Amino acid sequence: QVQLVESGGGLARTGDSLRLFCTETSGLTSRGSATGWFRQAPGRERDFLAAINWSGTNTYYADSVKGRFTISRDNAKTTVYVQMNNLKPEDTAVYYCAANKSGWSRFINLERSYDYWGQGTQVTVSS
């Protein structure tokens, strides 16, 4: 079973930057899989943020974070990153990473495109 572990969350102030990590610890992620980041704020549905394919040649961002968040990966470290800049209080949420078996598709922004999920890491941004 693929296991994903998020880390890097914490407290930040408006305008700060944080880098989140999603590490695959089981060694079972297949080549060709894609990884995405989502977040869920209190009382809201989980929203897509960004996705990246296995080789790192394809990325896709939600409009809400385009230009502020950057997704990347280091397959040697089995880790996918999201660099979050210019944080705002509305970025406060639990951040989740997810991976799939099927790879990149035009539905990569949908939760149903992912097979494995991490437990999440909390990001809190104060004004």
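Predicted model: local features only at pLDDT ≥ 70, side-chain atom pairs only at ≥ 80, totals over all residues.
Me: How many helices and strands does the chain hold?
Reply: Helices (H or I, at least four residues) and strands (E, at least two) are DSSP runs, numbered from the N terminus. From that terminus on, the elements run β-β-β-β-β-β-β-β-β-β-β. The chain therefore comes to zero helices and 11 strands.

Me: What radius of gyration does the chain have?
Reply: The C-alpha atoms fill a box of roughly 40 × 25 × 25 Å, taken along the principal axes. The radius of gyration is taken over C-alpha atoms, and the globule rule is 2.2 Å times the number of residues to the power 0.38. For 127 residues, a compact globule would have a value near 14 Å, and the chain agrees with this at 13 Å.

Me: What share of the residues counts as buried?
Reply: Buried means under 20% relative accessible area, exposed over 50%, and partly exposed in between (1.4 Å probe, protein chains only). Of the 127 residues of the chain, the buried share is 42%.

Me: Which strands are the edge strands of the open sheet of four strands?
Reply: Two strands pair if DSSP finds at least two bridges between them. The sheet has the order 1-3-8-7, with antiparallel pairing. Each edge strand pairs on one side only; these are strand 1 (4-7) and strand 7 (69-74).

Me: Which residue of strand 8 does L20 stand opposite?
Reply: Strand 3 (residues 18-24) and strand 8 (residues 79-84) pair in the antiparallel sense over six bridges. In strand 8, the residue opposite L20 is V82.

Me: Which residues do ring pairs link into a cluster?
Reply: Rings of Phe, Tyr and Trp (its six-membered ring) pair if their centres lie within 6.5 Å; planes under 30 degrees apart count as stacked, over 60 as edge-to-face and the rest as tilted. The whole structure has six aromatic pairs. One of them joins Y114 and W117 edge-to-face, at 6.1 Å centre to centre and 65° between the planes. The cluster consists of F38, F48, Y60, Y114 and W117.

Me: Which ring does the charged end of R112 sit over?
Reply: A charge sits over a ring if NZ of Lys or CZ of Arg is within 6 Å of the ring centre and within 35 degrees of the ring normal. R19 lies over the face of Y81, at 4.2 Å from the ring centre. For R112, the distance is 5.1 Å from the centre of the ring, which belongs to F107.

Me: Which parts of the chain does the salt bridge of R39 with D91 tie together?
Reply: A salt bridge is a side-chain nitrogen of Lys or Arg within 4 Å of a carboxyl oxygen of Asp or Glu. In the bridge of R39 with D91, the closest N and O atoms are 2.8 Å apart. The two residues are 52 apart in sequence, so the pair ties strand 4 (residues 35-40), which holds R39, to the loop between strand 8 and strand 9 (93-99), which holds D91.

Me: Which residues do salt bridges that share partners join into one network?
Reply: R68 also forms a salt bridge with D91, the closest N and O atoms being 2.8 Å apart. Both R68 and D91 are buried, and both R39 and D91 are buried. The network consists of R39, R68 and D91.

Me: What is the phi of N86?
Reply: Most residues other than glycine have a negative phi, and most peptide bonds are trans. N86 lies in the loop between strand 8 and strand 9 and is partly exposed, with a relative accessible area of 41%. Its phi is positive, in a residue other than glycine, and is near 50°.

Technical notes:
Residues numbered from 1 in each chain as written. Heavy atoms only, no water.
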